[in-house]
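Please look over the sequence and the structure shown here before reading on.

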Amino acid sequence: MANKNKTLGEFIIENQTEFKYSSGELSRLINSIRLAAKVVNHEVNKAGLVDILGTAGETNVQGEDQQKLDIYANDVFIKTLTNREIVCGIASEEEDDFITIAGRNEKNDNKYIVLIDPLDGSSNIDVNVSVGTIFSIYRRITPEGTPVTIDDFLQPGNKQVAAGYIVYGTSTMIVYSTGHGVNGFTLNPAIGTYYLSHPNMQFPEDGTIYSVNEGNYVHFPQGVKDYIKYCQKEEEDRPYTSRYIGSLVSDFHRNMIKGGIYMYPNTSKDPKGKLRLLYECNPMAYIAEQSGGKASDGFTRILDIKPTELHQRVPFFCGSKNMVAKAESFMKKA
Ligand code: P6P
């Protein structure tokens, strides 16, 4: 049984050799994310008290109003990752294009790239609902010593070497995987240390929770409408419970613990869906699969989709593998 008093730092050191590139760089990268998460957590937790709420008056590449905390979180993660001399490039929901990091020696010899949604669900900040950070890590594929190119960022999700999320909820947790299962660490804010609170997390194969914005029902594909009606039907172990926080990280985290499916389908308004493939769907799909869950766009495994652009959107069905398979069966039949 894993020692639940183990800290994140001890866990990283203990499991460093598991990672085939165990030069310690990935550990340093996860450590930098740990630090940035503590800094952002501090601001998120006092957002109601300090005038950093509200729209910063700018809009991001998605055309969405940027909350000041979005900008703050983006700056914190970019600065922390840059200072650790491990990352050669960063892409962020809050940045129109990717950022090249040449390193102090300007040699472009760092090996990893990070794609990040620095504060997902930020529209919930003003109403005190939990939000999250989502990160995805790859090794670069273009030659070391040269600046990264878009090709380094357009790798399919099955090439990720690590991914995870931070949920700033009733407690702050880091949940991540380097390809050997999923572990969750809870922050003790009194001492600023994360402890292994959820070792070897397993996505239940079945569940009774479905998470979707049913306000979009009339715009959904027929297969999604049929699946929602299936969830609501009085027979077997149904009707299921509908739970939708409007914050991907929170809905995903609850479903991974209790069992459930999260869906953000394409609609007639958003024919590609709303969620972004590279820094939302791929990392969450990686975590889902590493814990026994499943993730697709309704037809194709998310991690097998070949990206074509940095901010591309895909429909997203993710969670308990038997629930996702059932939803896919309705999509295929329609
Ligand atoms: P809607 C937040 O903006 C987000 O990307 C996810 O965190 C969340 O699940 C979804 O969008 C909510 O979108 O259209 O239902 O408000």
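Contact is taken here to mean heavy atoms within 4.5 Å. Helices (H or I, at least four residues) and strands (E, at least two) are DSSP runs, numbered from the N terminus. This is a predicted model, in which local features need pLDDT of at least 70 and side-chain atom pairs count only at pLDDT 80 or more, whereas totals for chains, interfaces and linings use all residues. Residues are numbered from 1 along each chain as its sequence is written, and side-chain values use heavy atoms, with hydrogens and water left out.

The protein divides into domain 1, covering 8-198, and domain 2, covering 209-333, with bounds that come from an automatic or database domain assignment. Taken over C-alpha atoms, the centres of domain 1 and domain 2 are separated by 23 Å, and the contact takes 50 residues from domain 1 and 33 residues from domain 2.

Turning to the sheets, two strands pair if DSSP finds at least two bridges between them. Strand β9, residues 183-188, pairs with β10 in the antiparallel sense over 5 bridges, and G184 has H198 in β10 as its bridge partner.

Another open sheet has 5 strands in the order β12-β11-β13-β15-β14, again with mixed pairing. Its edge strands are β12 (241-242) and β14 (294-296), each of which pairs on one side only. Strand β11 (residues 209-211) and strand β13 (residues 261-264) run parallel and are joined by 2 bridges; S211 has Y262 in β13 as its bridge partner.

For the packing of helices, axes are lines fitted to C-alpha atoms, for helices over the stretch in contact, and angles run from 0 to 180 degrees between N-to-C directions. Angles under 35 degrees count as roughly parallel, over 145 as roughly antiparallel, 65 to 115 as roughly perpendicular and the rest as oblique. A crossing is left-handed if the near helix is turned anticlockwise from the far one by less than a right angle, and right-handed if clockwise. In describing contacts by class, Ala, Val, Leu, Ile, Met, Phe, Trp, Tyr, Cys and Pro count as nonpolar, Asp, Glu, Lys and Arg as charged, and the others, Gly among them, as polar.

The axes of helix α1 (residues 8-15) and α2 come within 10 Å and cross at roughly 165°, and the two helices are therefore roughly antiparallel to each other. Here L8, G9 and I12 in α1 meet S27, I30, N31 and R34 in α2, a contact whose residues divide into 3 nonpolar, 3 polar and 1 charged.

Helix α2 (residues 25-45) also packs with helix α3 (residues 68-83), at an angle of about 155° and with their axes 9 Å apart, which means that α2 is roughly antiparallel to α3. The crossing in which α2 passes α3 is right-handed. Among the residues that meet are L29, I33 and V40 in α2 and L69, Y72 and F77 in α3; by class, this contact of α2 with α3 has 14 nonpolar, 2 polar and 1 charged residues.

The axes of α6 and helix α7 (residues 277-290) come within 12 Å and cross at roughly 10°, so α6 is roughly parallel to α7. L248, V249, F252 and M256 in α6 meet E280, M284, I287 and A288 in α7, and by class the contact of α6 with α7 has 7 nonpolar, no polar and 1 charged residues.

Two details of the backbone remain. Most residues other than glycine have a negative phi, and most peptide bonds are trans. In this model, a cis peptide bond with omega of about 5° joins R238 and P239, and P239 is placed in the loop between α5 (222-232) and β12. N108, a residue other than glycine, has a positive phi near 55°, and its place is in the loop between β4 and β5.
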